[in-house]
Every structure is written in structure tokens, then in C-alpha cells.
Amino acid sequence: MKILHNISECLTMAGGPRRGSAMAQPGLIRDTAVVMEGEVIVDVGGSDEMLGRYPNEERIDAAGRAVVPGFVDPHTHLVWVGDRANEFEMRLQGKTYMEIMAAGGGILATLTATRQADLETLVSESQARAERAFSYGTTTMEAKTGYGLDLETEFRQLEAILLIDQQGPLELVPTYMGAHAIPKDYPGGTAAFTDWLCEVALPETKKWWQEHAPEKPLPFNDVFCEQGVFEIEDTRRILQRGEELGFRSKLHADEFVNLGGASLAAEIGAVSADHLVKTSLEDIKRLAASETVAVSLPGTPFGLGQQEYTPARAIIDAGGYLALATDLNPGTTWNESMQFIQALACRTMKLTPAEALAASTINAAKAVGLEDKIGSIEVGKQADLLVLEVPDYRHLTYRYGTNLVAEVYKKGVRYVN
Ligand SMILES: [Zn+2]
């Protein structure tokens with residue numbers, strides 16, 4: 001057992017995921033200690049009280065610094081090879097994302113590099129990003145496939161996710177995203193590729209997973225629902241087929257055009273709907289009335305140099321669950337830091353520091369279906385928490401671009417930055 005004591009303020013996020021106005025309540029307690037045993041939190045309370053209750057246990061002095069739950073990053077494309085710095089330069093010269101994609105760039109450029117890479121390269125390049133995210137306070141990260149689109153490469157990506165997770169300390173939550181793009185010159189185009197996904201790829205992925213990770217639940221199934229990629233009816237088919245096979249759904253919705261992806265997510269009971277930049281008020285209301293978490297990715301418009309962000313205040317006002325994620329990927333936003341995402345969310349979407357923190361911890365845990373295990377500092381939860389360099393958690397968003405995480409506890413193990 002170990003006692004982390006002399007915590008200036010502990011942002012517990014106790015009481016489960018937060019909807020709407022409840023996001024402003026971070027469960028802050030002052031002069032706190034957190035008691036951990038093995039991988040789990042076994043007590044939380046006043047610092048003196050805890051030291052009195054457990055007089056003979058190992059003590060670690062937090063030295064008057066703030067403690068928050070480990071960040072959960074619920075949307076990343078962690079596993080890829082190479083970079084697209086050239087496209088960044090093209091964009092600065094005025095080309096749009098869709099123009100770059102039409103010219104064979106975008107996702108398809110990373111697809112070519114990732115298809116050619118062996119497992120070792122894929123793991124080592126991705127592991128470096130996982131380690132950077134961990135040092136910046138991300139203790140659990142969702143990671144998608146989708147840079148293969150053929151079975152062989154998608155399975156290699158899943159294998160890389162399993163290996164990086166096994167290596168730790170960052171914990172990964174896998175998502176299958178065979179519906180990330182349409183392979184160039186695919187015979188029959190979107191309709192034929194959608195058929196193949198439903199009839200071949202999803203069943204084969206289930207089989208692969210059950211052979212390679214039988215003890216783990218199936219990955220999520222995610223679709224890039226966007227004009228010119230997977231339209232709303234394609235998306236519905238792929239997600240419904242996945243649900244039939246036991247995959248829970250996520251979708252990329254309304255990033256560039258509002259196709260009604262947010263309403264579809266609510267309708268089919270998706271775990272999350274992500275991006276939501278062009279979402280209409282009607283769709284926001286339907287989403288907010290459901291259990292689906294709205295995941296905002298402010299790093300993406302920022303990375304693209306765009307001015308339009310998720311209508312986060314409207315989602316909160318409508319009583320929805322809002323989460324934040326990096327969308328870490330080589331095309332639009334290569335950033336591993338959830339601290340930066342929170343700072344960005346406060347400035348561009350007018351979240352308060354407490355709302356940004358809830359969106360990055362307990363609500364983000366719900367966006368990957370793990371709200372009962374991670375995302376808050378409560379008895380029985382996994383001991384994933386961060387000791388900040390500062391006594392006041394608001395510095396996380398007030399300051400930006402530097403790392404304010406001094407120590408990371410993952411499953412009760414201490415890692416000092
Ligand atoms: Zn994405």
C-alpha cells in the first residue's frame with residue numbers, strides 16, 4: 001500500500017460521467033491523500049486523516065501540488081508510418097484537405113507508407129508517440145487502424161496496438177477502422193467497398209481478434225462518415241453490420257459537411273460521435289438526449305489553420321456528454337498532448353478549466369466504454385493519476401505548450417518525468 005499525501009487539491013471527478021452543466025463540477029477536495037494498493041485506489045480523504053488511518057504504509061509527499069485523474073485520449077490514429085510535412089506546406093500555400101486527398105495525398109499517402117512497413121517499424125514509430133503521450137499525462141488512449149484498408153495491413157495495425165499495449169505503461173483501447181477511406185481505384189467504388197467491409201472485412205476481423213486476443217472484448221468499429229467518402233447510408237450499413245457481429249460503434253461525423261452523422265450515432269446507440277464541427281442544433285439535441293458521447297477534436301481545425309470548432313457550448317447547454325481528444329494523426333494534427341487540447345478547448349470553444357478536465361478524464365473514459373474503471377479518483381478505480389508541477393489545476397489550461405505533469409501513476413506504479 002502507498003499513500004500519496006500533502007496534495008493541495010485533488011480533482012476527483014467522483015460520481016461518474018458528467019452531462020451538461022454537471023461538467024462544471026470537478027469534485028475538488030483540498031489537503032488530500034490518495035491511498036493505493038496494487039493497481040487500485042483504496043481510500044481518498046483528508047491528508048492528516050489518511051496518514052493517521054494508515055500509519056505504517058509507504059508515504060509519498062506530493063509537496064503541495066495538485067492531483068488530477070490520468071488523461072484519457074478517446075480518439076487517435078496512433079499506428080502509422082512516415083509523415084506528411086509536405087502536405088502541411090501545401091496547405092499553407094492554399095490547398096484544401098479535400099484537394100490534397102483528391103490528388104492522392106491525405107489518408108492514402110499514409111496508407112501506402114503503412115502498407116509497406118513491417119510490424120517492427122510500425123511498432124517502433126508508434127511506440128515513440130505512445131511514450132510522449134504518456135509523459136504528457138495520457139494514461140489510456142484509444143487507437144484506430146485504418147491505414148491499411150486491406151485485411152493484411154489492418155491486422156498488422158491491430159497487432160501493433162496489442163504489442164504497444166502489452167509493453168505499457170500506456171494502456172490502449174483498440175478500434176477497427178477499415179472504413180477510413182475508399183482505396184484508390186477500388187472496383188465498384190464506395191458501394192462495392194461497403195459490401196466488402198460488411199461481408200468480408202468485419203467478419204474476418206472478428207475471427208482474427210478472437211484468435212489473437214480472445215480474452216479482450218472486440219475493438220470498436222469506426223466509420224469516416226463524410227461527403228465523398230462514406231455517406232450516411234453506407235455508414236449506417238457498416239455500423240449496423242458491426243453491431244450484429246458484436247462490435248460497438250463510433251463514427252467520424254460532420255467534420256467538413258453536415259450529413260446527419262450525429263443523429264445517426266444517437267439512433268444506433270454509438271459509444272461516441274467524433275469531430276462534430278458542422279453539426280446542426282437539431283442534431284445536437286438528438287445527440288444530447290442519448291448516451292452517445294460527443295467527442296470534440298479541436299486540434300484538427302487548429303492543425304488545419306481553420307477557424308471553426310465544435311459548438312461545444314451548445315452541446316453542454318443541450319445536456320450532452322462532451323469529451324476531448326487529440327485526433328493524433330499524421331495529416332491534420334500530429335500532437336500527443338491532452339494538455340494542449342484542453343488549453344485549446346478553453347480558448348476556442350469557451351470551456352472552463354473544470355469542464356475541459358472533465359472532458360479529458362471521466363467523460364473521455366465513457367467515450368471508450370471504460371467509465372467504471374478509469375477517469376476518476378475514487379475507491380475501486382484503477383490508480384491512474386497525475387501529480388502536476390503546480391498547486392492549482394487551472395494552470396493546465398492557463399498555461400500551454402509545456403508539460404506541467406511532474407509524475408504519472410499508472411495502475412499504481414509511479415513514473416517521474
Ligand atoms: Zn480521426
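Let's start with the zinc ion. Its protein donors are His 75 (NE2), His 77 (NE2), His 252 (NE2) and Asp 327 (OD), at 2.0 to 2.6 Å. A donor here is an N, O or S atom within 2.8 Å of the metal (3.2 Å for Na, K and Ca); water is not among the atoms, so sites may look incomplete. Keep in mind that this is a predicted model: local features need pLDDT of at least 70, side-chain atom pairs count only at pLDDT 80 or more, and totals for chains, interfaces and linings use all residues. Residues are numbered from 1 along each chain as its sequence is written, and side-chain values use heavy atoms, without hydrogens and water.

Along the chain, the donors are spaced H-x1-H-x174-H-x74-D. His 75 sits in the loop between strand S5 (71–73) and helix H2 (85–92), and Asp 327 in the loop between strand S12 (321–324) and H13, so the pair ties together parts 252 residues apart in sequence. Helices (H or I, at least four residues) and strands (E, at least two) are DSSP runs, numbered from the N terminus. His 75 is buried, at 0% relative accessibility. Asp 327 is buried too, at 2%. Buried means under 20% relative accessible area, exposed over 50%, partly exposed in between (1.4 Å probe, protein chains only).

Next, H13. Helix H13 covers residues 338–349. Of its 12 residues, 9 are buried, so the helix is largely enclosed by the rest of the structure. Among them are Met 338, Ile 341, Leu 344 and Cys 346. After H13 comes Lys 350, with a positive phi near 60 degrees.

Conventions: Expected span 1.5 Å × (residues − 1).
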